[in-house]
Amino acid sequence: MTDEKQETLIITGNEASAWGARRSKAHVVTAFPITPQTTVMETISEFVDSGKMQCNFVKVESEHSVMAGMVGASMTGARCFTATSGQGLLYMAEMVHWVSGSRLPVVTTIASRGIAPPWNIWVDYSDILSMRDSGWIIQFASTHQEIFDSILMSYKLAEDPRVMLPVFIAYGGFSQSHTSKPVVIPSQKAVDDYLPPVPDDGWPHLVLNPEKPIVHGNLLMPQQEYMEFRYKMHETIHGAKPIIKEVIADFHEKFGRNYHGLIESYRCDDAKYILVTVGALGEQVKDAVDTLRSEGKKVGSIKIRYFRPFPKEDLVEILGSKNLEGIVVVDRSIAYGSPTGGHISSEFSNILSELPSSLTYLPAVWGLGGRDVTVGDQESVFNDLINLHEENEIKETSNSYINGTLWVNLKVR
Amino acid sequence: MTSKELYEITVLSRGGQGGILGNKLLGKIAFVDGFKDIIAIPIIGAERRGAPIRAYLRISEQKLRRIDAVKEPDYYLILDETLLSYDYILSEIKDTTVIINTENGCSYKFPPGVIAYEVPATRIAIDLDLEVAGQPIVNVAMIGAFAKATGLIKLESIKKVVVDYFGAKGELNYEASAKAFELTREVKQDE
């Protein structure tokens, strides 16, 4: 594989992440290994060792230091990349806020895994969604190609002077991080033409330079600008929606791959029932939609690509359709004590108020801790929704309908 | 080559035999041979040498969206025949084709509807000194057996991919697959 021409490689999701950092020419990578992220850092380390990637690869002693390193390096105006998973993300949580609060355009990939105890290393988005309110843009990548492409798009977005916020790109631990698929890696020149280098004199709002000393991050008294800084971050993350669409359109034009927007809908135009979810299962569910359509059932699906900013307007536009009779929103994460048990299905309450009250709404949870979710399981969720709408009950299935939430293949009760 | 659009494969091996890598290499070879999409799915936990290991592969003429486990494979690639001594493994094998690494004839019986091929992959690896830490590596030999039994991939594609992947050891691996291709034979099951 050379840098001069485009090639299709059979690689894992983690290798796609490492290639994203290499083609984006990240200047600084801080590294601490954690399953299932480890091979991202192993691959970058091999790139650096063989001279194929010019970057400062800094091995540190913990994930807290990983993200602290990102703060320091990014403040100098460097393009910064790292990756982690599960417990590692939780350990770096304090520094996650330092990055967003300092408005630093760091990009971090998360090979999502279940949170311990009990120990679990397989796909579960409870790790990334625990960072829901950290001020980072949060995106889910549903294919291997999307992991690679999203890193390029994320730097473009994060470094836009109208944004200046960090981006998390989450994908499934093992289900994506360790499976192998064909990924198109464009030439270095094609990426350079799309993604310009960082500004020579640092970010517009903040640059660490010994020649020009500044004070940053000091104490703000209650009547000073703390509240205004917080509001500005909220305003910016909402305001990023049209910029995300610009970045995607620009990428589509340059590379021919279309990521649609903050959400991607599939066969929703005349759909009576729509399933909403995130990640690779949002791609796989298209096979369930096709099967059910061939049986005459009018179903469709929506993949939420960006969870922060939350794509409320885009969802209302599709879900407000006159044809629609029922929605099922499925989480692969658990939000204990929330209205539904799932992060996204709970968030939907602010969308439901704008939709007809005759709609049947079904929150659901599937695949926690990497439990396999088959296309057949996905069909069963559609069938349960149809059942609930038509009969006002869910007949006996392998799923459990408890206090208004459907738990797919739950082995209790 | 038949007109089927999707082939699903389950690779059963023991830790250290190269089953996970072999599964991925088989995917690469199928892609080089012109299949439009592949996904190699290793089932990974806290494995150790000798433990039963499972990996799945889908190779397709269409874009693949699925990431779930393969439940009813078209082909089983069995790198160690003693894995069939586990009832849970032997009992899942029906209406499929199995390709088994065995030197003296497989001693396990399959139900009617199962087509079985045998190949002495361990013997081939030992004869070629294809060993890592004293253990014969049979993964690429089994890919040669797969080529013979299924006709889905070509020997020259195996050569291209393994030479690219293993470098100096690639030729030896290719030799193992070519030998396996030659020695793989269908075994008639007693009806």
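At what angle do H1(B) and helix H4 (residues 139-150) of chain B pack, and how many Å apart are their axes? In this predicted model, whose local features need pLDDT of at least 70, whose side-chain atom pairs count only at pLDDT 80 or more, and whose totals for chains, interfaces and linings use all residues, the angle is about 45 degrees and the axes are 9 Å apart. Residues are numbered from 1 along each chain as its sequence is written, while chains are lettered from A and ligands numbered from 1 in the order in which they are written. Axes here are lines fitted to C-alpha atoms, for helices over the stretch in contact, and angles run from 0 to 180 degrees between N-to-C directions. Helices (H or I, at least four residues) and strands (E, at least two) are DSSP runs, numbered from the N terminus.

The angle makes H1(B) oblique to H4(B); angles under 35 degrees count as roughly parallel, over 145 as roughly antiparallel, 65 to 115 as roughly perpendicular and the rest as oblique. The crossing of this pair is right-handed, a label used when the near helix is turned clockwise from the far one by less than a right angle, with anticlockwise giving left-handed. On the H1(B) side, the residues that meet H4(B) are Gly19(B), Leu21(B), Gly22(B), Leu25(B), Leu26(B) and Ile29(B), and their partners are Asn139(B), Val140(B), Met142(B), Ile143(B) and Phe146(B). Two residues are in contact if their C-beta atoms, placed from the backbone, lie within 7 Å. Sorted by class, the contact of H1(B) with H4(B) has eight nonpolar, three polar and no charged residues. For this sorting, Ala, Val, Leu, Ile, Met, Phe, Trp, Tyr, Cys and Pro count as nonpolar, Asp, Glu, Lys and Arg as charged, and the others, Gly among them, as polar.

H1(B), residues 19-32, also packs with helix H5 (residues 155-166) of chain B, at about 125 degrees and with the axes 9 Å apart. These two helices are therefore oblique to each other, and their crossing is right-handed. Leu25(B), Lys28(B), Ile29(B) and Val32(B) of H1(B) meet Ser157(B), Ile158(B), Lys160(B), Val161(B), Val162(B) and Tyr165(B) of H5(B). Seven nonpolar, one polar and two charged residues make up this contact.

H5(B) in turn packs with helix H6 (residues 170-183) of chain B, at an angle of about 155 degrees and with axes 8 Å apart. That makes H5(B) roughly antiparallel to H6(B), again with a right-handed crossing. H5(B) brings Leu155(B), Ile158(B), Lys159(B), Val162(B), Val163(B), Tyr165(B) and Phe166(B), and H6(B) brings Gly170(B), Glu171(B), Asn173(B), Tyr174(B), Ser177(B), Ala178(B) and Phe181(B).

Stepping back, chain B has six helices and nine strands. Its radius of gyration is 15 Å, close to the 16 Å that the globule rule gives for 191 residues, so chain B is as compact as a globular protein of that length. The radius is taken over C-alpha atoms, and the rule is 2.2 Å times the number of residues to the power 0.38. The C-alpha atoms of chain B fill a box of roughly 45 × 40 × 35 Å along the principal axes.

Chain A has 14 helices and 16 strands. A compact globule of 413 residues would have a radius of gyration near 22 Å, and the 21 Å of chain A agrees with that. Along the principal axes, its C-alpha atoms fill a box of roughly 70 × 55 × 45 Å. The domain assignment gives domain 1 (7-255) and domain 2 (265-407) in chain A; such bounds come from an automatic or database assignment. The C-alpha centres of these domains lie 29 Å apart, and 26 residues of domain 1 are in contact with 20 residues of domain 2.

Between the chains, the contact takes 17 residues from chain A and 16 residues from chain B. On the chain A side, H10(A) gives the largest share, five residues.

Most residues other than glycine have a negative phi, and most peptide bonds are trans. The bond from Ala116(A) to Pro117(A) is cis, with omega near -10 degrees, and the bond from Pro117(A) to Pro118(A) is cis too, with omega near -15 degrees. Pro117(A) lies in the loop between strand S5 (107-112) and H6 of chain A. Lys25(A) has a positive phi, near 55 degrees, and lies in the loop between helix H1 (13-23) and strand S2 (28-31) of chain A.
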